Amino acid sequence: MIELQSVTKKYPGSDIPAVNNLSFEIPEGEICILVGPSGCGKTTTMKMINRLIVPTSGKIKVNGTDISTVNPIELRRNIGYVIQEIGLFPHMTIRENIAIVPTELKWPKKKINQRVEELLDLVGLDPAIYADRYPRDLSGGQRQRVGVARAMAADPPVMLMDEPFGALDPINRSRIQNEFLRIQEKVRKTIVFVTHDIDEAIKMGDRIAVMRQGSLVQYASPGEILSDPADEFVENLVGKNRTIKRLNLLKVEEAMEDILILDSTISLADAASAMDKAGADIAAVKDSQGRFQGVVPKKRIRRALARSWQTTLSELADEPDVVVDLDTTLHDVLSEMMQAGEAAAFVVEANQCRGMLTLGSIVETVSNNE
Amino acid sequence: MDYEFNWLVLWEYRDLLLEGLVLTIKLSAISIVLSTIVGTIFGIMRLSKSLIIRLIASSYVEFFLNTPLIIQLFFWYFALPMALPGWLQSWLWAHNYEFIASVIGLTIYTSTFIAEAVRAGIQSIDKGQREAALASGLTGFQTLWYVILPQAIRIVIPPVVNQFLNLTKNSSLAMTIAVPELTYQAQAIESLTFRGFEAFTAATLIYICLTLTISLVMGKVERWAAKGQRPMAA
C-alpha cells in the first residue's frame, strides 16, 4: 500500500508548487493511474515515491514505512521502475539489463539466469532467442517488454511506470497493455502508472487520479470518472464521447453471444438442418478432438448442397479474420473488426470457440451499461 | 642542386635513432596513460553537483589549456625546482628529472583536452539513462561506472585519439629540456654529420609510423566500445 499525506513539492525559483498538498492512498495490488495534462505534477508525484525527487513537505509511506527514513538505494531496489524504451542500457545485453538489480543484490549467478529466463517467458519473449541480444536488435514493443521484465526482476511489491507504452504504435500498445493486465492478474503488484492518455487510463486503471496544476481533481474508479466526472475539467479530459470511452471498460465476456458448434464429421445436410433449427447464420466447426477448426456460414453449406459438391464441413470452414480473447476490451475488438472490415468477431481460447460478437451485440451491451 | 644524398649515415647512427625512438615511445606511452586518467577525473569533476569541485576543475582546465606547452615544460623543468627544498632538488636531478618534467608537462597539458572531451561525452548521454540507473537502486558511482562511462567511451574515443596523436607529436618539444628523444637525436645526427635532410626525413617517417600505429590500435578499441550500439557514421 502507498499513502501520500499532504505532499507538496516546490522547485527552487518557482512560486507555484509542482505538487500541492496531495493526499491519497493506493491499496495493495491495484493499479493507480495518474493522469492529467503535461505539467500537472503527475511525473513529479511518481518520482517522489522512489525518492528520485524529494518532497518539500508531507509524508509518503510505502507498506507502512515512511520512505524518508529508508536509505534511497535500499528503497529503490524494492520499487520496480519502467520508463519509455530509452531506459534500457544500450551497451548491455537483454540478460544484463534484466539482471541489474539481482546482480546488485548479489544473487548467485544460476538464480539470476533462471530469473531472467522466467521473466522473459512471462513477457512473451523466447529467452533462447533474445536473452543475449542487445536492445537495438529488438523492436520497440519487445524493448518495452524487456523494460517491464527488468522492473520486476527482484520481484518488488511496488512498481512505478512512467508512460511505459507511450512510444508504441496503437496496435502494439493495445497488445502489450492486454498482456500487462494479464501479467498483473498473476503478480498483483501495487502499481503507479503515469499517462496523459485518458483511454489508457480507463483501460488499465483500478483507480484513476486526475491531476491538474499539482492538485488532485478526482480520485475514483474508471467507471465513476466516466459516469460522474467531478467537474468540467475532468469532463473535458474524458471528452464528449464518453460512451465510446466506456468500450475500454467492457470486456468481450459481457457482450459475447453463444455460437452453434458443429462436429466436423457430420454431413452437410445434417449441418444445414441443425443451423436451421438453431436459427444460426454461422456456426463454428470442431474436429474429433474438440479443437476449433474455423467458422462456416449457412449460405456456403446451402450452395455446396445445391451443387452437390463432394466436400466436408472442415473443408468449408474458414479461419475467421478477427479472433479475440474473453478479456479483450470491446474497444480493441471494434478496432480490429473495423481494420479487417468484418462485422463479426470470434472468441477462441485454448483451441475452443467460446462464442461470437457482432456489431449488434456490442451496441446492445454498451447501451445497457450507460 | 649540389646536395648529394648519403642515406648511409642513418645506418651508421642507427643506435642514436633507436634510442631516441625508444625514449619517445616511453615518454608518449606513460603520458598517454596518465593524461587519460587525470583528464577523465577532471572531466567528471566539471559535472559535479558541488560548485567548489566544479570551480577547481574548470580553473585547472582553463589555466593549462590556455598556456603554451613549451612554457609549461620550462616551468616544470627550470622554475619548479627552485621552489623545492635542496634535498628534493638533488634527488630530482639524480633521477632523470628532465624525463619526469616532460611527463608532467605533457600529461597536464593533454589532460585538459581529454577532460573537455570526457565532459562532452558524458553530457551527450540521455538523461533517462541516469534516471533509470538510479531508479534501479544503483549508487551514484555505480551509475557512472556501469552505465554512463561505458556509453560515453564510444563518443569520447575519436577526440581523445586525436589528443594521443597530438601528445606523441608534442613529445618532440621535450628536446628543449634535454630529453634525448627522437627529435633530439635527429638533431644530434645533423650536427655530427651535417646530414640534416636525411636525419629529419628519418625522424619524420618514424613519427608517421608511430601515429599510424596508434590510430590503428585505437580504431580497434573504438569498435569494441561500440558493442550494442549503432556503428559510427563512416
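Colleague: How many of the 370 residues of chain A count as buried?

Modeller: In this predicted model, 51% of the 370 residues of chain A count as buried, while the accessible surface of the chain comes to about 17100 Å², with 46% of that belonging to carbon and sulfur atoms.

Colleague: What do the contacts and the secondary structure of chain A come to?

Modeller: Among contacts in chain A with a separation of 6 or more, 63% are accounted for by residues 24 or more positions apart, and the secondary structure of the chain comprises 18 helices and 16 strands.

Colleague: How should I read an aromatic pair, and which case would you take?

Modeller: Planes over 60 degrees apart count as edge-to-face, and the structure holds 17 aromatic pairs over all chains. Take F63(B) and F64(B), whose rings lie 5.0 Å apart centre to centre with 85° between the planes, so that the pair is edge-to-face.

Colleague: Is F63(B) buried or exposed, and is F64(B) buried or exposed?

Modeller: Buried means under 20% relative accessible area and exposed means over 50%; F63(B), with 53%, is therefore exposed, whereas F64(B), with 14%, is buried. Ring pairs also link these two with F42(B), Y60(B), F75(B) and W76(B) into a cluster.

Colleague: Where does a charge sit over a ring in chain A?

Modeller: The test asks for NZ of Lys or CZ of Arg within 6 Å of the ring centre and within 35 degrees of the ring normal. The charged end of R150(A) sits over the ring of F89(A), at 4.7 Å from its centre, and K111(A) lies over the face of W107(A), 4.1 Å from the ring centre.

Note on methods
Residues numbered from 1 in each chain as written. Chains lettered and ligands numbered in written order. Predicted model: local features only at pLDDT ≥ 70, side-chain atom pairs only at ≥ 80, totals over all residues. Heavy atoms only, no water. Helix = DSSP H or I, 4+ residues; strand = E, 2+ residues; numbered from the N terminus. Buried < 20%, exposed > 50% of the residue type's maximum accessible area, 1.4 Å probe, protein only. Contact = heavy atoms within 4.5 Å. Areas by Shrake-Rupley, 256 points an atom, 1.4 Å probe, with all protein chains shown as cover. Phe/Tyr/Trp six-rings, centres within 6.5 Å; stacked < 30°, edge-to-face > 60°.
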